[in-house]
Amino acid sequence: MAAKKLRRAQLSQEMCERLSRYQITTCQDFLCLSLLELMKVTGQSYHEVQKLLCKVSRACAPKMQTAYEMKLRKSVNPSSAFLSTTLHSLDRVLHGGVPCGSLTEITSPPGCGKTQFCIMLSVLATLPVSMGGLDGAVIYIDTESAFSAERLIEIAANRFPAYYDSDEKLLCMTRSIHLYRELTCCSVLKRIMSLEEDIILKKVKLVIIDSVASVVRKEFDTKLQGNLAERSNFLNRGASVLKYLAEEFTIPVILTNQITTALSSGPGLRADLVSPADDLSLSEGSSVSGKRDSGYVTAALGNTWSHSVNTRLILQYHDLPTRQLLVAKSPVAPFSTFFYTIEKSGLILQGLLTFFKLWYSTVRISPDRKDQTNLVWEGTNPALQPIRVRNTALKDTLHDAALPSTTGETSRNTSNL
Amino acid sequence: MQREVGTLPLAPALRARLAAAGFQTAQELLDTGPCGLSKEIGISREEALEALQVVRQECHGDTARAAGGSGATRKCTALELLEEEQTQGFIITFCSALDNILGGGVQLTKITEICGAPGVGKTQLCMQLAVDVQIPECFGGVAGEAVFIDTEGSFMVDRVVDIAAACVQHCHLIAEAQPEEDHGKALETFSVENILSHIYCFRCRDYTELLAQVYLLPEFLAEHSKVRLVVIDGIAFPFRHDFEDLALRTRLLNGLAQQLIITANEHRAAVVLTNQMTTRIGQSQSTLVPALGESWGHAATVRLIFHWDNTQRLATLYKSPSQKESTIAYEITPHGFRDVQPPAGTASTEGTEPNPRKRPRTEEEKQQ
């Protein structure tokens, strides 16, 4: 409510006129002044000015609610608190699915499945509530022109063959996915600012931006002076508008990000703050442990952006065709990892059977425990989490100690489904 | 009584007129009386009366203060302060290592700042404190309420429910182990619903709303006198974008800090702020430092920095007037903010918390 005009803050007419002579028209201008300055511009005494300050503050302060009221409101409508991803283990770990009302980021190297995941989530959002969807439209802001409508229909038809049994239903679904192609930072920001009206008009229940990183990295070269600050500014502004939209309408907002190489001697930390980069045994993908001046791959857009997103999912390569999904940052979930492949019907979580053939060759695991790949791994700073990229020597990776902390925990992963 | 006219909290125009008319001290004004004043400087009698009432109030306040009575400035001996500090409660964090380095927990009447990298556990600690401040006195708590000002949207009610449930269970176990009279009565009112209804949440979307909320905080605290904790989660976020004028930012932040100190002192509440980290580009390398600049470092009395060491979360006490600088490790479990448990095999003495370290966390996940 910063831009709220003072006359709506219930100040008297003459006071507003007097203030506008000093170019103070909004609540923001008023509250930024010190008490002495306010006395000067309003011509009032000290106590009067304090009363005015309270009046203006009341006009733009947020409403109070107790945590109990928030919980009641959520429990009244539990299905609207999450968008189930239909990847059961992931949903369980995230307490229901992709949370509504906050920003979720999906980071991965190219070709791992970000866009596939986004397309799959678009289909899920249009499903009726009874099937776990949000029964609403989707706004898809595409900056890389990677969205494929054919693939959308393929995923829908294959994932829910019983529901999408006719062409009509498929076409109806495609009608509720609104695609915007924006190719510059400016236009993306403008589009984000104008989303509020679209969301109300089209009854949108999911906003996807694929991808934030591509426009930002095209236009901001962080090596040039001043660009880093500008970039942070742009990202922060975008993030705060998106957070506002997510909370106001209680919808999930999904953003995708790319990867970058961080040099371990680059963002080095102070001596008393240890850098995870110094211990390269953590970076599974990097094969240069011990070399201090080599880099590792991590999420792009920097530290500040990692603060702004509430949930971060990392997709990375494991071995062809399997990939790995890491829950790297979440306020409700611990660090977890899952394996998946990309099939006709979208992403499918892999079961234990495939991966522990080497270890439990005689154990028969029943097929309905397919997606119990709920391994715990010890994650680290989400902004510096190393990500495995595709490398050419794929044969070697199969026999690596690729799975993080698999001691003992695996045998305990018979969690009740 | 000899106070100069220019220092009185009157409207500037009025002050200018008084100065032009030659008035120098407050005593002169009082001697002249409202009618004489109105004739001399050409204002109405009502305005003159108002001005004189203000002057009288100010002077009365001055004399009262000079006599050592209560007022905005407090005067006491160090002995009185020592006694006060020793009886003062701390808000425990359930991580005994952290409580130890803080000297007992988060102190009331002080501002504590928590800086850290993303995802390290700042908001988790804030939510833990919002629950812990409500622990009844017979269990070692301060039996207060909490105000949570959220600027980043990271307050998750479900998580608070988990933390509150674990806390209630912990207290029940203590009551069973060492039963005392008050325990039963206290436990009746100490439930998850009660805890949640005493956490007052405000969602501030930009710095204007944050400023407005902090201006209104004294009023709110006067109405809710049991509040002993004010958390501002994310003081950095609203100030880090859209601010070209850094001088204005510094001024606003300092003003905020001042008001929070006053609020903390007057209401005997602890103020906890969380801050982000930012990259400072140096000549040969860049370092991660707390955001909002050097001058902000002076605002908080106690500063904690949370950081990662590979997969271990560490907390460093970076600034404190009474404790020495040290680092400890901590964990975030499904029950909240806890100590790092020793590896499975050593019997836990209290038997209250299930051993969360080695067991995969997924098993502990609450079923929705």
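How many residues does the contact take from chain A and from chain B? The contact (heavy atoms within 4.5 Å) takes 78 residues from chain A and 79 residues from chain B. This is a predicted model, in which local features need pLDDT of at least 70 and side-chain atom pairs count only at pLDDT 80 or more, whereas totals for chains, interfaces and linings use all residues. Residues are numbered from 1 along each chain as its sequence is written, chains are lettered from A in the order in which they are written, and side-chain values use heavy atoms, with hydrogens and water left out.

**View 1. The interface of chain A and chain B.** About 7,000 Å² is buried between the two chains, and carbon and sulfur atoms give 59% of that area; buried area is the accessible area (1.4 Å probe) that two parts lose on being put together, summed over both. The interface holds 3 salt bridges, each defined as a side-chain nitrogen of Lys or Arg within 4 Å of a carboxyl oxygen of Asp or Glu. One salt bridge joins the side chains of Arg203(B) and Glu247(A), at 2.7 Å from N to O. Helix 13 of chain A gives the most to the side of chain A that touches chain B, with 9 residues; helices (H or I, at least four residues) and strands (E, at least two) are DSSP runs, numbered from the N terminus. Glu247(A), Arg203(B) and Arg205(B) are linked in a network of salt bridges.

**View 2. The salt bridge of Glu105(A) and Arg312(A).** The closest N and O atoms of this pair are 2.6 Å apart. Glu105(A) belongs to strand 4 (residues 103–107) of chain A and Arg312(A) to strand 11 (residues 311–319) of chain A, so the pair ties together parts that are 207 residues apart in sequence. Both Glu105(A) and Arg312(A) are buried, that is, under 20% relative accessible area (1.4 Å probe, protein chains only).

**View 3. The salt bridge of Glu58(B) and Arg3(B).** Their side chains meet at 3.1 Å, N to O. Glu58(B) lies in helix 3 (residues 45–66) of chain B and Arg3(B) in the segment before helix 1 (12–21) of chain B, so the pair ties together parts that are 55 residues apart in sequence. Glu58(B) is buried, with a relative accessible area of 16%.

**View 4. The salt bridge of Glu113(B) and Arg303(B).** The closest N and O atoms lie 3.2 Å apart. The pair links distant parts of the chain, with Glu113(B) in strand 3 (residues 111–116) and Arg303(B) in strand 10 (residues 302–309) of chain B, 190 residues apart. Glu113(B) is buried at a relative accessible area of 0%, and Arg303(B) counts as buried at 8% relative accessibility.

Technical notes
Buried means under 20% relative accessible area, exposed over 50%, partly exposed in between (1.4 Å probe, protein chains only).
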